[in-house]
Amino acid sequence: MQESSTKKIYDVHSLFYDATFGRLVKRRIERAINHMNIGDSDLVLDLGIGTGASLAFYPPRGHVIGVDLSAGMLREARKKIRERGLTHTTVFQANALQLPFGDSTFDHVFISHVISVVSDPIQLVKEAQRVAKPGARIVIVNHFQSTNRFLALVEKWLCPLCTKLGWRSDLALNDLIKRTGVEVDYRYKLESIDLWETVVITNNKSALASHESHQTIAA
Ligand SMILES: C[S@@+](CC[C@H](N)C(=O)[O-])C[C@H]1O[C@@H](n2cnc3c(N)ncnc32)[C@H](O)[C@@H]1O
């Protein structure tokens, strides 16, 4: 998925997202946000906030900043902010792969159904690690490639179709962990058979630094 086509695909999705996929993701998003323990003065970053399906579940404290590539998706998010009077929330257009924020800015970073949409999932996680404070929570909700070899093959086979719809189906969590150096605190699924998983990470800056220096040495 390249960002230029993602923008166009999600501008179209914005017309029906809330009535379709948006309905399916709510329970998962609500539960995942509860794992962030947001405090009174905390700053939360929601990467690829889309139409703002998450906005109903943030507590009315702290400040939430949402970014997204698609103007159409952001228009829907702004509508919710206006209608619900969410004065502690700001959204704007930005590329999550090159975030316009300084290092160690956020107390929590939420990445919901985005990691398999961006062109470079590794860079997305590295940007989250960079802008999150040391010890901050990074919570990822996504579909990851099955560890069952047969299902993994089916997912790989379906990937070209999924890419046309706006995401990829063959992203392996173990590969992501290996290539970013993140340390997963815990992960869970809502049901025993569930296509989506929530992964909770505590930002470990030294893991990012040592991972990057290993890569430089290897190069
Ligand atoms: C499947 S939607 C998920 C929206 C929302 N997070 C949710 O869970 O309902 C994926 C979103 O990621 C956004 N996106 C994709 N690539 C992005 C990037 N590089 N930077 C920012 N947003 C991106 C898309 O525009 C879209 O709104």
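A: Let's start with the pair itself. Helix α4 (residues 121–131) and helix α6 (residues 173–180) pack at about 55 degrees, and their axes are 10 Å apart. An axis here is a line fitted to C-alpha atoms, for helices over the stretch in contact, and angles run from 0 to 180 degrees between N-to-C directions. The angle makes α4 oblique to α6 (under 35 degrees counts as roughly parallel, over 145 as roughly antiparallel, 65 to 115 as roughly perpendicular, and the rest as oblique).

Before going on, a word on what you're looking at. This is a predicted model, where local features need pLDDT of at least 70 and side-chain atom pairs count only at pLDDT 80 or more, while totals for chains, interfaces and linings use all residues. Residues are numbered from 1 along each chain as its sequence is written. Helices (H or I, at least four residues) and strands (E, at least two) are DSSP runs, numbered from the N terminus.

So who touches whom? On the α4 side you'll find Pro121, Ile122, Val125 and Lys126, and they meet Leu176, Arg179 and Thr180 of α6. Two residues are in contact if their C-beta atoms, placed from the backbone, lie within 7 Å. Sorted by type, the residues of this contact are 4 nonpolar, 1 polar and 2 charged (Ala, Val, Leu, Ile, Met, Phe, Trp, Tyr, Cys and Pro count as nonpolar, Asp, Glu, Lys and Arg as charged, and the others, Gly among them, as polar).

Now look at the two ends of α6. Ala172 sits in the loop between α5 (149–165) and α6. Ala172 counts as partly exposed because it has 16 C-beta neighbours inside 10 Å; 20 or more would be buried, 12 or fewer exposed, and in between is partly exposed. Leaving out residues up to four places away in sequence, Ala172 touches Phe144 and Gln145. Ala172 and Gln145 are 27 residues apart along the chain, yet their C-alpha atoms are separated by 4.8 Å. Val182 is in the loop between α6 and β6 (184–188), and it counts as buried because it has 23 C-beta neighbours inside 10 Å.

The largest nonpolar core has 44 residues, and Leu47, Val109 and Ala128 have the most contacts inside it. Such a core is a set of buried Ala, Val, Leu, Ile, Met, Phe, Trp, Tyr and Cys residues joined through C-beta atoms within 7 Å. α4 is among the elements that each supply at least two residues of this core, and β5 gives the most, with 6. Beyond its neighbours within four places in sequence, Ala128 is in contact with Leu47, Val109, Ile111 and Ile138.

One last stop is the loop between β4 and α4, where His113 lies. His113 isn't a glycine, but its phi is positive, about 55 degrees. Most residues other than glycine have a negative phi. His113 is buried, because it has 22 C-beta neighbours inside 10 Å.
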